[in-house]
Amino acid sequence: MIARLLARTRVPLTIVGVALILISTAWGLIDDDAPAALILVALPFGLVLIAVGFVATVWAPTAGGEPATLASPVTGPWLAVNSPTTKVPSHGTHGLGQAFAVDLLYAGEGSDDRPSAGFTAPEEYPSFGRPILSPADGTVVRVTRTARDHLSRASGSALAYFYVESAIREIFGPRAMLGNHIVIRLADGSHMVLAHLRRGSITVERGERVATGQPLAECGNSGNSTEPHLHIQRQDLSRPTFALGLPWTIEPGGIPADGETTSA
């Protein structure tokens, strides 16, 4: 119960906190008669709300339960980054259902030639355009398909830009963070999210039944992404904004630890 509550706080508190800061600042700038005491209270209170939301989702207890065993969403060798096999929460937060998420980058032929320049076209990366498959039978309940595939954020200066951009994206919610993504409801009522998909590549619609291994889309670089990769996670609710991350594993071989590759 505590895990569910804390995991759902980050986005709502961040939105309210930012709104308080923006409204009070604008009020003070526009209206010379605005009560200074109220503005001086609203500004730090907004910052406190943002901090509480961040801390709550970082230090929330981990959800229990048996991991769901699913098929691999990719074929061939893919390198794991931010893996729940290495640590939980894998992405440093329980917010947005990410506690057991993993990022996968293609590690097959041509992967040694990944660009290292700061802002590079996504087409230059070996992961870009690779097929993404359904990890289970289920029903598509959410689809976002119009986010652009942006340039990579690979060098030091590009990463600095990414971190600022990431903070802004979080205010605008899952579409800005996940980019093009698909949410599939599984037979047990939980949901799988496949994110950062290539614009124009999604082949399924909301309400459509999908089968294990069915091609869904291509790997892209939309949303909060430094380079083309697949972000995949299991969560309780269909909306990542309020979701709690749930454990899962890949058959065969399990989810690789950081720096290891898939066996599928």
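Mentor: UniProt, in an unreviewed entry, places the feature "transmembrane region" at residues 12-30 and 36-60. Keep in mind that the model is predicted.

Trainee: How much of residues 12-30 is helix, and how far apart are the end C-alpha atoms?

Mentor: Residues 12-30 are 100% helix and 0% strand, and the end C-alpha atoms lie 27 Å apart. In the protein chain there are five helices and 12 strands.

Trainee: Into which domains is the chain divided?

Mentor: Domain 1 covers 1-59 and domain 2 covers 68-262. Their C-alpha centres are 29 Å apart.

Trainee: What does the radius of gyration say about the chain?

Mentor: A compact globule of 264 residues would have a radius of gyration near 18 Å; the protein chain has 19 Å, which agrees. Along the principal axes, its C-alpha atoms fill a box of roughly 65 × 45 × 35 Å.

Trainee: Is His181 buried or exposed, and why?

Mentor: A residue counts as buried under 20% relative accessible area. His181 has 3% relative accessibility, so His181 is buried. Across the protein chain, buried residues make up 50% of the 264 residues.

Trainee: Where does His181 lie, and what does its side chain reach?

Mentor: His181 lies in strand S6, residues 180-185. Its side chain reaches the backbone oxygen of Gly179 at 2.8 Å. Leaving aside neighbours within four places in sequence, the contacts of His181 include Arg142, Thr144, Pro174, Val193 and Ile202.

Trainee: What share of contacts in the chain join residues at least 24 apart?

Mentor: Counting contacts between residues at least 6 apart in sequence, the share is 74%.

Technical notes
Residues are numbered from 1 along each chain as its sequence is written. This is a predicted model: local features need pLDDT of at least 70, side-chain atom pairs count only at pLDDT 80 or more; totals for chains, interfaces and linings use all residues. Side-chain values use heavy atoms; hydrogens and water are left out. UniProt positions are given in the numbering used here, feature names are shortened, and annotations may be inferred rather than shown by experiment. Helices (H or I, at least four residues) and strands (E, at least two) are DSSP runs, numbered from the N terminus. Buried means under 20% relative accessible area, exposed over 50%, partly exposed in between (1.4 Å probe, protein chains only). A polar contact is a pair of N or O atoms within 3.5 Å; within protein, one must be able to donate a hydrogen and the other to accept it, and residues adjacent in sequence count only if both atoms are side-chain atoms. Contact means heavy atoms within 4.5 Å. Domain bounds come from an automatic or database domain assignment. The radius of gyration is taken over C-alpha atoms; the globule rule is 2.2 Å times the number of residues to the power 0.38.
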